[in-house]
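Here is a short briefing on one protein model. Please look over the sequence and the structure before reading the points below.

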Amino acid sequence: RKLFPLLIFIFLYTCTFAYLVLSYWRIGETADLRNLSVIHSLLGFVISLLLVFRTNTAYDRWWEGRKQWGSLINVSRNLAMKLNCLLADVSPEERLYFEKMIGNYCVALKNHLRKTNFHHEYEHIETFPIKRIGDDTHIPNHLMNLILGRIHDLHRKGVLLGEHLIILDSELRQFTEICGACERIKNSPIPYSYSSFLKKFIMIYCFSLPVGYIFSLHYLIIPFVVFVFYVLASLEVIAEEIEDPFGSDANDLPLDRMCETIKKSLKEILGV
């Protein structure tokens, strides 16, 4: 859908050029312009290297985001299982608090990466009045502060011992590390100059293709140029689509489903 208008434009351009050269001007096949095909063969190798680097870089960003959210699922489960054992003899309210707050953290991270803030997605907790928190607040950090504060309150009350805090520390630290890694992917896009240069390179390459190959392909140059442009431009569009994996498009990571998976696991482990 994104490329269709450009494909139509390339088709009309190639048709016009082929008609002018072959039927109107009747330039002979001995013209020096036919030697431009040598330049295209050299530039084709260069543009293929650039596109491979572009798509690989974009996919690495997508895959890194997937690994970070896979780690978030595992960390949430590990923390829930440890809390389930350590709080076995504590009132059900404490277990329910961590069940909802860990799930809320994952939802907050998803909304933070998408720059949205849907209040209805959070589990209601009296100590977490989401509607009172401003949109400019770093909600994942705020939630982690509340979770850490609740754990240290239990430590002061004697429910959790010092060695219990050491056991929980690795999982608690990983939440913030995952958040930072996702922010790094989100806030460090591919340099604009590189992407812009590649787009201009593709356009110039495809616009000059008819000049070099029209004397050997004649009117077959029309589908040939359209197809080459479709292949090269599609790779660039695919790279743009997946370089930000935290959006809500079809090719982005299914963060909503991952959040539901985490909530379901928490309810099974810590559910009262």
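Lys115 counts as exposed because its relative accessibility is 70% (exposed means over 50% relative accessible area, buried under 20%, and partly exposed in between, with a 1.4 Å probe and protein chains only). This is a predicted model, in which local features need pLDDT of at least 70 and side-chain atom pairs count only at pLDDT 80 or more, while totals for chains, interfaces and linings use all residues. Residues are numbered from 1 along each chain as its sequence is written, and side-chain values use heavy atoms, with hydrogens and water left out.

**Loop residues with positive phi**

- Lys115 is in the loop between helix H3 (92–114) and helix H4 (139–156); helices are DSSP runs of H or I with at least four residues, numbered from the N terminus.
- The phi angle of Lys115 is near 55 degrees, a positive value in a residue other than glycine.
- His218 sits in the loop between helix H6 (192–217) and helix H7 (221–242).
- Phi of His218 is near 55 degrees, which is also positive in a residue other than glycine.
- His218 counts as partly exposed because its relative accessibility is 34%.

**Nonpolar cores**

- In soluble globular proteins, nonpolar side chains tend to be buried together.
- The largest nonpolar core has 46 residues, and those with the most contacts inside it are Trp69, Leu72, Phe98 and Phe128; such a core is a set of buried Ala, Val, Leu, Ile, Met, Phe, Trp, Tyr and Cys residues joined through side-chain atoms within 4.5 Å.
- Two or more residues of this core come from each of helix H2 (36–86), H3, H4, helix H5 (162–187) and helix H8 (255–270).
- H3 gives the most to this core, with 10 residues.
- Beyond its neighbours within four places in sequence, Leu72 is in contact (heavy atoms within 4.5 Å) with Tyr105, Cys106, Leu109, Phe175, Ile178 and Ile262.
- Another core, of 25 residues, lies apart from the largest one and has Val21, Leu209, Ile214 and Leu232 among its residues.

**Helix H7**

- Ile238 is found in helix H7.
- Ile238 is partly exposed because its relative accessible area is 46%.
- Pro223 also lies in helix H7.
- Pro223 is partly exposed because its relative accessible area is 49%.
- Pro223 and Tyr194 are 29 residues apart in sequence and 29 Å apart in space, C-alpha to C-alpha.
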